Amino acid sequence: MHFLKYGLLLTAIFSTVVGKAQGDVAALIQKVGAKIERVNNYTAEGKMKTNVAFLKVPESVVKIYFKKPNRLKIKNEKGISFVPKGAVGINLSNIINGAKYTALDAGMDKIGNTVVRVVKLLPVDDNADIVLSTVYIDEANLVIKKAKTTTRENGSYQLEMTYGIYTAYGLPDKIIFTFNTKEYKLPKGITFDFDDGTAAKKTIPQGLNKNQGQAEITFDSYIINKGVSDALF
Amino acid sequence: MWNLLQIELFKISKRPRTYIAFAAIAAIVFIFQFAFKADGQSYMNLMLQSVKDSFEFERTKAINGYFMCYIILNTLLVQLPILVALIAADSISGEANMGTLRLLITKPISRTQLILVKFAAATIFTILLLLWMAITSLFFSLLIFGADDMLIFRSKGEESQILLISQDDVMWRYLAAFAYATVALTVIAALSLFLSIFADNSIGPIIATVCIVLVCTIISNINVPIIDKNVRPFLFTSYLVGWKGFFYIATTDEGVPIKGSVENWPAIRNSLSILLLHIGVLLGASVFIFRKKDILS
C-alpha cells in the first residue's frame, strides 16, 4: 500500500518536472522561431565550397535568395555550381517553423566553447518527410548552432552554423552542410578516356565516408527584408 | 622543294575527295549542334543519372560552346583518321594508278625529296582539316551555345569523376589539344603514305589504314587486363586520345581544381614522344623503301 502511495507520488513529481522541462523547451523553440520569423526575405552573397569525392569543382561565388515561408535559391552568377538538393534545409525556419512537432529536451551539450541545449523535434504528422530533427540551441543568443535531420526519402543531413554580425536575425556567417550522396558511375563505353597509367586520387572529405559530401557556404553580406522577386525562384 | 610542295598542294586541292572530308566534318558537327540545341538535357541526364537526385545545377549553362566542342572532338577524332587516310594514302599509289609516278621520278628531284614533299602536303592537309574542325566545333559552338565553365565527365579505372574547369582556363587547353591532335593525325598520314608505296591504286592503302586504325583502336579499348598491360602500350592508337590529358585538371588534396594545371604532364609528354617516334619510323621506312623500289608503273 505504501509502495503504491510512494509510486504515485514519484510519478506525479516526475510528470511535473518533465512537463516543466518540455514546457521550457517549447518556449525556447518559440523564442528561436520568433527570431528567425523576423526575417521575411534576404539576399546574401557568399562563397561556396563543395567537398564530394567524385566532384572536382572550384570554390564559387554565389548569391542566396530566401523568401518566406521556405523558398531558397542558390545561384552562381558567373559559372556552374553543383548545389546539393537538400540545401533548402539551410533555411532554418524550415526546421523550426515548418511543421507541427513535439519538442523533447535531450539535455545539454557543448559545441566548441558554447554550451548548447539539445532538443529533439518529432513531427506530429506520421507521414511527414522529416522523421526526426535534433537541434543544438545556444540559449544565450537564441540561435541554432547545429541541426541534424533524418528524412524518410532523402537520407540524413546536418547543418553546422557559425554566427557573427547577423546574430540578431538568427542568420549565420558560415554554414557547413553535410549530406548523403550516391556513388557516381559514368555509363560504360561513352567517354573513351585517355589512360595515363595512374590510379585515381581518392579525396574523400575528412570525417566523412565515400557516400557523404559537404558544402560550405561563407556569407559575406546579407540584405535583409528589402524584398526578393518571385521570379528568382 | 617549295615549288614541289605548291604543286602537291595544288593537286590535293583539285581532288574532289579533299572536299568530302571538309563537308563530312561540317555535316557531323552541325548535326551534333542541332541535336544538343534541341535536346541536350537528355545527354546531361544520361551522364548524371546516378547523382541527379542528389544535386541540382543549371543544365543550360553546362551545355555551352566549350562543352560541345569537347563532345564533338571526342566523337570525331576517332573517325578523323579515315578522312586523313583518304588523301595521304593516295600520295604515291595515286600517281602509280595514273601512270605519272615513273614520269615524276625522272624529274631532277630525289626520291627522298619526293617522299618528304608528299608527307609535308599530307601534313598541311591534316592541319587544315583540324583548323576547319576548330572553326566549326569550337567557334561556331561558342556562337550558338555561348561560353561558360566547362564540365568534363571522366572514368579513371573504377572511379568516375566530374571535373569543372573555369571558362578563363579553357582556351589554352583547346590550343594545346588541337596541336596534340595534329601530331596524332600526322601519324595516320605517315602510315597511309608508307602503305601507299606498296600499292598501284589508292583503295588498298586507304582500306589498309582504316583497318589498322580500327583493329588497334578496338584492342586499345578492350579493357582486358592482360592486353592492357602487354599490348596496349605498344599500339599508337592508345595515344591518339592523349589530347584529353590537357582537360584533366590537377586538383589539391581537397579535390579543388588548380587553375592552369594539368594532372599528368609526363604522361602527355610520353604519349607525344611515342607519336613523334612513330612518325619518324614510318617516314624513315617510307624513304628507305621508296629509294630501293623498282618503279614499274
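A straight helix of 32 residues would span 46 Å at 1.5 Å a residue, yet helix α2 (residues 16-47) of chain B spans only 39 Å between its end C-alpha atoms. The expected span is 1.5 Å times one less than the number of residues, and helices (H or I, at least four residues) and strands (E, at least two) are DSSP runs numbered from the N terminus. This is a predicted model, where local features need pLDDT of at least 70, side-chain atom pairs count only at pLDDT 80 or more, and totals for chains, interfaces and linings use all residues. Residues are numbered from 1 along each chain as its sequence is written, and side-chain values use heavy atoms, with hydrogens and water left out.

**Exercise 1.** Find where α2(B) is kinked.

*Solution.* Take the bend at a residue, the angle between axes fitted to the seven residues ending there and the seven starting there. The kink is about 85° and is centred on D39(B).

**Exercise 2.** Describe how chain B meets chain A.

*Solution.* Start with contacts (heavy atoms within 4.5 Å): 54 residues of chain B touch 40 residues of chain A. Next comes buried area, the accessible area (1.4 Å probe) that two parts lose on being put together, summed over both. Here that's about 4400 Å², with 55% from carbon and sulfur atoms. In chain B, F55(B), E56(B) and I162(B) lose the most area to chain A, together 15% of what that side buries.

**Exercise 3.** Count the salt bridges across this interface, then in the whole structure.

*Solution.* Look for a side-chain nitrogen of Lys or Arg within 4 Å of a carboxyl oxygen of Asp or Glu.

Terms used:
Chains lettered and ligands numbered in written order.
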